[in-house]
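Visitor: Hi, can you walk me through this one? I'm new to reading structures.
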Amino acid sequence: MNLAILHLSDAHFYNYEQLDDIKIDGISKALKELEPFDELIICFTGDVAFSGIEAQYKIAGSFFYKLFENIRKKYKSIGFIKCCIAPGNHDIYYNKESRNRTEIIKSMKNVELAIKQEHCLMNDFYNFARKHDCFKNPSILESIDLRIDDKTVRINIINSALFSDLWGDDKGIHYIPDYLINNLTCDAELSVSLMHHTLGWLNEGCQNTVKRALYQGTSVLLLGHEHCSNGEVSKINKEYKMITLNGGMLCNKGNYDESIFNGLNINLKTKDVLGYSFEWDNKVKVYSPKEIIKEKYQNKSLDRMEINDDFKKELLKDERNHLSKSFLDYYVFPSFEKCNQDAFLADEFIDNYDDFIKFIEEEKVVLIEGKDNMGKSLLAKYLFINLSKTRTPILINSENINGSSVEKIVKRVFEDQYSEENVIYDKYKQLELNQKVAIFDDFHKINSKLSNKIIENLIESCGYIILLTEDKFDFDIVKKVKEKQHISVDRIEQLSKLQIEPLHLKKRKELISNVCSLNSFEDKAELLKKEKQIENFINIQLRLFESTPDFLIKYINYVLSMQSTTKNNNQSIFSEVYRANITNSINNGKVSANSVDEVLMVLDEIAYYIHFKKRYPLSYSEYQEIIDNYNRDYDMKVDSRKVYECILESKIVKTIKIDASSDNIVFSSNNYLAFFVARRVNRKCLEELDLTDIKYILHNICFGINSDILLFISSQTENINILKLIYTEAENIIKDWSEFSTDKDKCLFLDKVEIPDSLIVPTVEEKSEIEAKQIENERKFRHDDIVNVEELYDYDESKVNDYFNLITRSFKLTKMIARIIPNFNHRLKSNDKKSFVSAVYNYPNKIVNQMLLPIFENMDSIIQEILESIEESSQNNLEITEKNIRTDLEQISVAVILSIYDIMAIAAISEKTIDLFDLKNLQETVENTNTHKIQRLIMLENGNKLDTFINEAEKICKDSKIPLEKLMIKKIVRKVLLTHENISKNNQDRLIGRFFPNQKKIILLEQAKQRT
C-alpha cells in the first residue's frame, strides 16, 4: 500500500488572478512522479491567504476545488483525497496594521487569555479549514487518524501561527503550551506532523519540549515559512529519527515564477519514503522534479510501551464515585501551592497541567501532599495516563511493597501494567532516564526507613519521581544520594513539595459542568440552569463546604438524583451529604457498624462541652470526663480508648501539643466542631424542649463559630419555631433603626453622587481578572480561616452590643432569614413567609442606614482624618483633595449597598421563591419605592429572569431623575453583562443600547472574542 503526500505551502492567495489553470494542471501532472500510489493526502503548511481575510479564503477554496477536480480526472484509481491545513503568520487578520514584537510580548503576560485573543484573529482561517474537516474548534493541536488499508496514519496539525506579526519580527516568541504538545503522541504506524514555522521561531521556553515531542511522536515533519524546499533526516538521543521536509513558496500574490512544492511517496509496508521537490520551469511550462529525500521512516508507535488491557480498565475506575466508565469524563486537574521553605516568599501556585509538568521536569523528585478525599489516587492515575503519551510511567502504591527489593517491586509493577515478557522489561530498563517516571501513591503508609531506601533506589532507575502522600514528611535523602559516586550530583536537587489545593471557583465550575453533563437534561438551557443553581448554592455556603472533589461530586450527584426536591431544600441535601461524609470517615476509623451512632454521640458531647465551656483545645482528662458522663447519663459502656483511636483514625479530630504538654484534642476543622455542636443543640431542643442554647447562639452570632453553628442547625432542624427565633432576634435588634432610601432627601450623603467615566461595558480581560481576584480571595479566606485553636474563643461577650458587633449580628441574622425562604418554602405558612420576605427587603436598608449614618454625621472630620493620614504617609506622592475623598466615600458606599442587596438576593432567590418577592404582593409590609424596585432588579438578575429584568430596569431608569438610582441600575446592568455568560445577543444588545449607548464598537470586538 503506497500513500502519496502533496506538500503545498505559502500560497499567499490574494486575488483571483492566482487561479492559474496551467499551474493547477502542472501540479496534478507532477504527481505522476510519485506513482504508484493508492491514496493521496494534500498537506498545506500555512500562509494559505495573504492577510487572513474571508475574501482571500474564497479564492483559496476555488483553487482547492479546481485542484481536486483535476487530480480526480487524472488519477481515477485513488481511493480518497484528504486535505489537511495548518495556518501561518499570513493567516491572521491584523486589523489593517501589523502589530509589533513589543506589543505581542506584552500581550503574553496572561498567556491563556492571549491565546484566546489570537484565535479570535484567525476566525476566517478556521471557517475555511472547517470546510476541509480541519480545526472544528480553534486549537493549537489537532490530530486526525486515517485508516489506509490495515494501517493507521495520524496527521498532527500544529498551529504555530499564534503570536505572529506580518513582517517576520516575531522570531523566538511563538508559543505552544507543553500540555498541548505533549499530546502529540503516536499510536499509528505512520505519523505526519504539519507546522508552518521551523523550531527556531518558537519561544525558548517551549522550543525543547516541542522538539522532543516531535521526535518522539512524528515520523515525517512538513514545514513552511522559509520559502526553500529541501529534505533531511535527523536524530535525537541516538534513538528517535525524523524525516523533515521544508516547503517552498507555491506562489507570491499571484506570481508563480519561483513556484515550488514537494511530493512524497510512502510505502506503508516497507516504510520507504521517496521525496521530490517540484520547481516551476517557465520555459517548458512544467514542474521539474528533484529528489530530496530517500529514507525509511520510523514507526514511533513501536517505541512506546503498550499498557495491558486489564490495567487500562483499572486506570479509568474511580473507586469512590461511579458516575461513568471513565473518571476522565468528569475529572478536573487540581491546583497546587508550592511549599516554600522560606516563609517570607510570596505564595506560588500551579493551576494547570502544563505548569505542573514544567515543575516536575525542573525538580525531578516531587512530593505532593493532600488531605484525605483531595483526590490523590485519581491524580496519580491521571498523571500516569497523560505521562504515558510521551514517557513510560509506572504506578506504585503501598500494597506493592511486601519486603521485596525495589528492583523486584519495579519489575512486578511493570509486569502488571505493561507486559510479563522479559524482553519488554529489558527494553524498559534500557530507556533513557528522562523517559521513565515513577508515581508512588499513598507514600505516607511506608515507614520512614524504608521510604528513604525506596527513593534512593528509584532515583537510580527513573528520571522523575512523584510521591503522593497524606501526611507531611521531612526527608533527608538528598545528602545520602549525592554521596553515591555513580549518581550525578548536578541532577539531584532538594526535594520539592506541592500541596493540593481545595477546588477554587474556576475548578468547581468545571467540575459542576462535567458532572452535570453526564446526566440527562431536556436541553442545554436546562443543563446550564441546573449548573448555575448548584454553583450559587455552593458559593453561598462556601464556609461550610469541603471543596474536595469527593465531597463536591457526592453533593452534585445527590442534587441531580433528587431533581424533584432540590429546588425546595438544597440546605437539607447539603446536610445529608455532609453527615454521610462524616459517617464514612468514622467507618474508615475501623469501628463496627452498630458503633457509628455511639461515636457520633460522643463527638456531639465533646463539641458541646468545648463550645459552651470554651475549653479548647481539649485535654485527654477532659475527654475522659466527657466519656464518663456520657456513660453515666445514657447507661452506656463506651470504651474511651477505642473511641479515641477511632476518631483520630477517621481524621475528624487530631492531637496537638501546647507548651510541650501532653497531647490535646482538637477538631480537624472548625466546620466539624460547628457541625457537632449544632447536632447536640438541636437534640436538646427536640428532646428537652430547651431553647436556651439556641438563644445564646443567636445573641452571640457575631462571635467565633456561632454563625456556622446556626447554619448547621437550620439545615438539620425541622422545627419552624427555631427559624422564627432567628427572625425575632433580628427584629429585636433592627426594629428601631431607620430605613435607607434612594430618594434624594433620604439618601444621606449620596444625593450628589456621579456616574464615573470608568463605568463602561466590561471586557473579556476584566472578566478574567475578576475570576482571578475571586480565586485569590478564596485562597486568602481559606488561609485566614485556619484559626489558632487557642484564639477561637478569645472574644468578649460583654461587647455584643458594640456598634460593629450590632451591625455584624443584624447582617448575619438577615442573611439567615434570606436562606430560610428557599429551604423552608414548603413549610412556612403564608403569614410567616410574608414576614420573612418583607424582612429581606426592609432589613438590608436598615442595616445600610445604620452603617452610613455615622459617616453622614461626621463627614467633615472623617475627610480631615483621611487627609492627615495621607500627609503622614511618605509613600503617597499624589495630590489628594477633599473632593477625591468624598467621591471615594460615595462610590465605595454605593458598591457596599449593592453588595448587601446582592448577598441577600443570592441567598433568598430560587425558581420557586422569585415570585414571592413581587412587590405587588407585599404592599402591606414593603413600600413600592424605587429603592425596593432596585432590590427587586437584583433578585430578577439572580433568578435569571432577564427579560423582566430589562423591562423593569428600563422603566425605573426612564422614570427616575435621581443620580444615585441611575448609577445603581447601571452598575447592576454591568454585573449582568459581566457574569451572565449565556445571555442572548438580543438581551445583550438591548442592555448596551439603553445603558451604554456610546460603546457599541467595544462590544462588537468583545463578542468576537467570546465566539472563540
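Visitor: Got it. And what kind of model is this?
Guide: This is a predicted model: local features need pLDDT of at least 70, side-chain atom pairs count only at pLDDT 80 or more, and totals for chains, interfaces and linings use all residues. Residues are numbered from 1 along each chain as its sequence is written, and side-chain values use heavy atoms, with hydrogens and water left out.

Visitor: Let's zoom in on strand 1. Which way does strand 1 pair with strand 2, parallel or antiparallel?
Guide: Parallel. Strand 1 (residues 2-8) and strand 2 (residues 39-45) share six bridges. Leu 8 has Phe 44 as its bridge partner in strand 2. His 7 stands opposite Cys 43 there.

Visitor: And with strand 10, parallel or antiparallel?
Guide: Antiparallel. Six bridges join strand 1 to strand 10 (residues 260-267). Ile 5 is partnered by Leu 264 in strand 10.

Visitor: What holds paired strands together, in general?
Guide: Strands of a sheet pair through backbone hydrogen bonds, either parallel or antiparallel.

Visitor: How many residues of strand 1 are buried?
Guide: Seven of its seven. Buried means under 20% relative accessible area, exposed over 50%, partly exposed in between (1.4 Å probe, protein chains only). On one side of strand 1 lie Asn 2, Ala 4, Leu 6 and Leu 8, and on the other Leu 3, Ile 5 and His 7.

Visitor: Why two sides?
Guide: In a regular strand the side chains alternate between the two faces of the sheet.

Visitor: New topic. Is strand 15 covered or open? How many of its residues are buried?
Guide: Five of the five residues of strand 15 (residues 365-369) are buried, so the rest of the structure largely encloses it. Val 365, Leu 367 and Glu 369 cover one side, and Val 366 and Ile 368 the other.

Visitor: Which partners does strand 15 have?
Guide: Strand 18 (residues 464-469) pairs with strand 15 in the parallel sense over five bridges. Strand 19 (residues 496-500) also pairs in the parallel sense, over four bridges. Glu 369 stands opposite Thr 469 in strand 18 and opposite Gln 499 in strand 19.

Visitor: Now Lys 436. Buried or exposed?
Guide: Lys 436 has 5% relative accessibility, so it counts as buried. Lys 436 is in strand 17 (residues 436-441). Beyond four places in sequence, its contacts include Thr 392, Tyr 428 and Cys 462. Its C-alpha atom is separated by 9.5 Å from that of Ser 388, 48 residues apart along the chain.

Visitor: Last stop, helices. How do helix 29 and helix 31 pack?
Guide: Helix 29 (residues 830-857) and helix 31 (residues 882-908) pack at about 155°, with axes 10 Å apart. That makes helix 29 roughly antiparallel to helix 31. For the cut-offs, angles under 35 degrees count as roughly parallel, over 145 as roughly antiparallel, 65 to 115 as roughly perpendicular and the rest as oblique.

Visitor: Which residues make that contact?
Guide: Among them are Val 840, Pro 844 and Met 851 of helix 29 and Val 896, Ile 900 and Tyr 901 of helix 31.

Note on methods: Pairing = 2+ DSSP bridges. Helix = DSSP H or I, 4+ residues; strand = E, 2+ residues; numbered from the N terminus. Contact = heavy atoms within 4.5 Å. Axes fitted to C-alpha atoms, helices over the stretch in contact; angles between N-to-C directions.
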